[in-house]
Protein chains: 4
Amino acid sequence: MGVSLEEMVAACRPYTRQGQLPGYIPALKQGDPSRLGACLLSCDGRLSQAGDWDVSFSIQSIVKPILLLQALLDNGVDTVRSHVGVEATGKPFDAINYTDQVLDSQHLNPMVNMGAIAVCSLIRGGSYQERFRRLLDLTRLLAGEESRIQVNEDVYRSEKANGSKNRALAYLLKTYGIIRDDVEDVLDCYFHACAISTDCGGLARIGCVLANQGRRPGSGEALVPPEYARFVNAILTTCGMYDGSGDFAVRVGVPAKSGVGGGIMAVAPGRMGIGIFSPALDPKGNSLAGTRLLELLSRELDLSIF
Amino acid sequence: MGVSLEEMVAACRPYTRQGQLPGYIPALKQGDPSRLGACLLSCDGRLSQAGDWDVSFSIQSIVKPILLLQALLDNGVDTVRSHVGVEATGKPFDAINYTDQVLDSQHLNPMVNMGAIAVCSLIRGGSYQERFRRLLDLTRLLAGEESRIQVNEDVYRSEKANGSKNRALAYLLKTYGIIRDDVEDVLDCYFHACAISTDCGGLARIGCVLANQGRRPGSGEALVPPEYARFVNAILTTCGMYDGSGDFAVRVGVPAKSGVGGGIMAVAPGRMGIGIFSPALDPKGNSLAGTRLLELLSRELDLSIF
Amino acid sequence: MGVSLEEMVAACRPYTRQGQLPGYIPALKQGDPSRLGACLLSCDGRLSQAGDWDVSFSIQSIVKPILLLQALLDNGVDTVRSHVGVEATGKPFDAINYTDQVLDSQHLNPMVNMGAIAVCSLIRGGSYQERFRRLLDLTRLLAGEESRIQVNEDVYRSEKANGSKNRALAYLLKTYGIIRDDVEDVLDCYFHACAISTDCGGLARIGCVLANQGRRPGSGEALVPPEYARFVNAILTTCGMYDGSGDFAVRVGVPAKSGVGGGIMAVAPGRMGIGIFSPALDPKGNSLAGTRLLELLSRELDLSIF
Amino acid sequence: MGVSLEEMVAACRPYTRQGQLPGYIPALKQGDPSRLGACLLSCDGRLSQAGDWDVSFSIQSIVKPILLLQALLDNGVDTVRSHVGVEATGKPFDAINYTDQVLDSQHLNPMVNMGAIAVCSLIRGGSYQERFRRLLDLTRLLAGEESRIQVNEDVYRSEKANGSKNRALAYLLKTYGIIRDDVEDVLDCYFHACAISTDCGGLARIGCVLANQGRRPGSGEALVPPEYARFVNAILTTCGMYDGSGDFAVRVGVPAKSGVGGGIMAVAPGRMGIGIFSPALDPKGNSLAGTRLLELLSRELDLSIF
């Protein structure tokens, strides 16, 4: 590329002023909105990083593809698809996917809150603590030992204490038998999952496994079956950026998942995984400067799958 | 590939019995539901065809990406995007994209009826007859002279005579100022567009232009700018198969557009264009056996972009 | 009553400044927004009038209960109820009563546009001109010879020329087979019906027939069966003031129907009919000062049925 | 009346076979679906009763007008109306009154679950136990000492244990700041309120206070201000029978409130209060035979307010 990653980060940093920190989770309101970092890891193991690549942040909704992978590993495609749909909902991330007073599991989508809460109940485990530990183990496996995967207890407590909307969604799932376990247990797993923290490198490494047919970049160790990596990439493309997925497909053109913690994990199949961090969000809940940086990266590196 | 195209068509033909001819357009009810044909055209110009590849059928909604291309050529991306959105609607192809008694142009999508009718009014021309002629010219340019691009007047008249739902959608667009011209004029263009007829080869050639960065396969002649081809491919991926787009992405993994005439145009970027015909539809309005055949083709030829 | 009707009209006239003339029908935008008139006709034939009682205006949606009466006279209760529902819709007067992409006739209501258009097709007659003439005859019968019942051709043409929303509603009714006749024919009857013009006296006389068990006040001549008068009064109470019906029931407490022409017809069962005119509307499309005047009248004359 | 109350109950008893006990609250599934009882109390103190008039049942949603009265007594009309709307919702009793991803307090209605839960938070009291005690005291005051007003602890526990839908509604209210207190505290008050038990006589006595301008029948003791009784009667008419209110207005024509426990409290203003019990419900959650009996009573006794 003619332009360096550092230069691209610098070019996009002014956009950080146009976004806003999310207001509804107190622990997320305290971030520094001017941050912007990026890490690129190619399938053959080359790493580039720039800007605030070493800042730790909570993964938030970027855990959703990992939740989905765990559910696929534990149940296979057919069982997962019988519990949640794969269509875009046409609605915001925290929407009630509810039509005409009926809740149809096929109207749920694992990339929005209601579907992801349902997916938590598909993870195998004796207790929801155990299920979460298995999810955390998978996250660490995908991100590799060098990634600093932790759980941010402050963020966890803040989300749990301010989780009325997610509770409403979960009790609705319970009403219609889509989750059968105790709602607070399921939500505790979900709130813990959202509070997993990492940095740009962690996201790039996970994204690169998805880009690399389920294999660890460099070593080529098989971590998840290639058909599951492909399944997740497809869903990331149609719904990973919430009701901004169509715009993202047109502008950037790669599978990606955003989180309200400011992260974006992008997957350029056969090419690289990308981790981005910039906590000021656009109105749909996606990192604003992060999306701009991905648009620039896609153009410079010709990453679009279209 | 180890399996021939002819064998794959044969393997999928039994699925034709599981679909249904569309009931709401009399002219489409008379087709032979057992037909299944396919044509593949690679970016370097190699052609394969099998089954009922030489049967002519009406293009129906597969004209939507061509309408979008014409609107992009006539107005550029920004103007088009100010008139229609690019997000999946989460609703059927003929849905009223109307929420809380308001019609927001950004909730329209050019791949579903309401958005496509709006796109008709973005084509340049002194009259709607002229606009349609320009659209037909573009279709012929993309499909090449060897494709039998015609207008099926029976289908046109049948749709015009049974177009109450599309009239409701168009008058709603008019109510909110999204179209300003005479509703019957706009619809006449739309009904004519849906009645364009071709065969599997025509769809494969158009699809291959999209797969080949806007260039004619073989000769490499530039027909549309590469960024417009990419724009259309992105939208085809997120919304081309209506509210079955997520399922199609997971199963097949390439940009595609279906029509209720039984056609599917698929785009394997950098690889090939594919034209499929099988008129028995699934409940979402997509060719049932055609989708199965594309699933098989994608697996055998490793076409998925994910 | 301690306060005269003239004094009550004077007390409420300042409210005319808080409303707005409807913007979407050019012919209605030209009215004088400061007008306020009232006419009361008791079941034993006593008449009071005050303010702008002698101004002529178009009846608009106040024709809906007359449409319903005609449909009841022509078909009986059971047939009418099989074509339209009787529940409040919870939505504005021109709403699309459409849920989850299905149109259920029981979600229509004859007091909102979509239901009233459907009711037009229940009137008996060889042509829609004849159906309208029968409706006009019934209106004149109910209002008596002394009422100046005419058709305002300017208003008719203005509504017909600006009727995109009603056309959208009618084509949707046609799509689902709820109306089977030509949409423009049905709408022509509907637009003519809305353009019937009268004054406060006309509304008071029609309202008094409904208040008087279907009999002409004074003479006691039976004009419509008492059970139909009661049926209409019940529907006026639950839905006559659109999505302001609950508020009107709480504040005023009598069956009533408003029109965007500024009229309100109120029915105090066993007591009187009331005609009000004041063309400046509240945001829900009901005459603002007219509603205030009815609130005052109800309190002074103890008219509430609750 | 030519027909005795006993004869009317007998005539309607066969309808008990057409209804169904509610499935979602285990404690209500055990009732005897063949029961039908009625009690009429006239404003001058005359009492008639027939059938299963002495069976005790849980009041369920019939507590909603009492909740509303308590909120009116504690806050006045303006404050109550700033927290909940008065329009019919056009949706079932347990609907999510949520449009386009926004919750507007004016779309709540105190006669459906979501609005009634919001009303609980308007009752004054140091704790929700105290608020419930005040509501229970008001219920006993309205029903008189002779009514057997109790709390059915089995029903309370059963509803609390199976209250996922109400929890979803309450957490949604909390999300939008319409309730600010602890959700489980508010719901505990609501579940207790629904579990208040009485018999037909209790409902007739409460209904008669509403029919008698807030005064105790017979003695004339003022229990609630007449304007509050009228306010409640108006809301019962437009929304008391859920999305069957329009049908009930047309068939019966008096303010009324049903509960899934099988009770209906009807109010014939100036005439009488009526208590009905028959636990087999129609699809909208209203007592099926009870509604038929009220239709017959209204015709025989000419009770319609229209």
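Okay, housekeeping. Residues count from 1 along each chain as its sequence is written, and chains are lettered from A and ligands numbered from 1 in the order in which they are written. Because this is a predicted model, local features need pLDDT of at least 70 and side-chain atom pairs count only at pLDDT 80 or more, while totals for chains, interfaces and linings use all residues.

So what is pLDDT? It's the predictor's confidence in each residue, from 0 to 100. Chain A averages 94, and 98% of the residues score at least 70. For the model, ipTM is 0.94 and pTM is 0.93.

Now, chains A and B. Each gives 26 residues to the contact, where two residues are in contact if their C-beta atoms, placed from the backbone, lie within 7 Å. On chain A's side, helix 9 (226-239) and helix 10 (245-251) each give two or more residues; helices here are DSSP runs of H or I, at least four residues, and strands are runs of E, at least two, numbered from the N terminus. Helix 9 of chain A has the largest share, eight residues. By class, that side of chain A has twelve nonpolar, nine polar and five charged residues. Nonpolar means Ala, Val, Leu, Ile, Met, Phe, Trp, Tyr, Cys and Pro; charged means Asp, Glu, Lys and Arg; the others, Gly among them, are polar.

How do you get chain A onto chain B? Rotate by 180°, with 0.0 Å of shift along the axis, and the RMSD is 0.0 Å. The two copies are thus related as by a two-fold rotation axis. That superposition is by least squares on the C-alpha atoms of residues with pLDDT of at least 70 in both. Also, 100% of chain A's interface residues are interface residues in chain B too, so the copies meet through the same surface.
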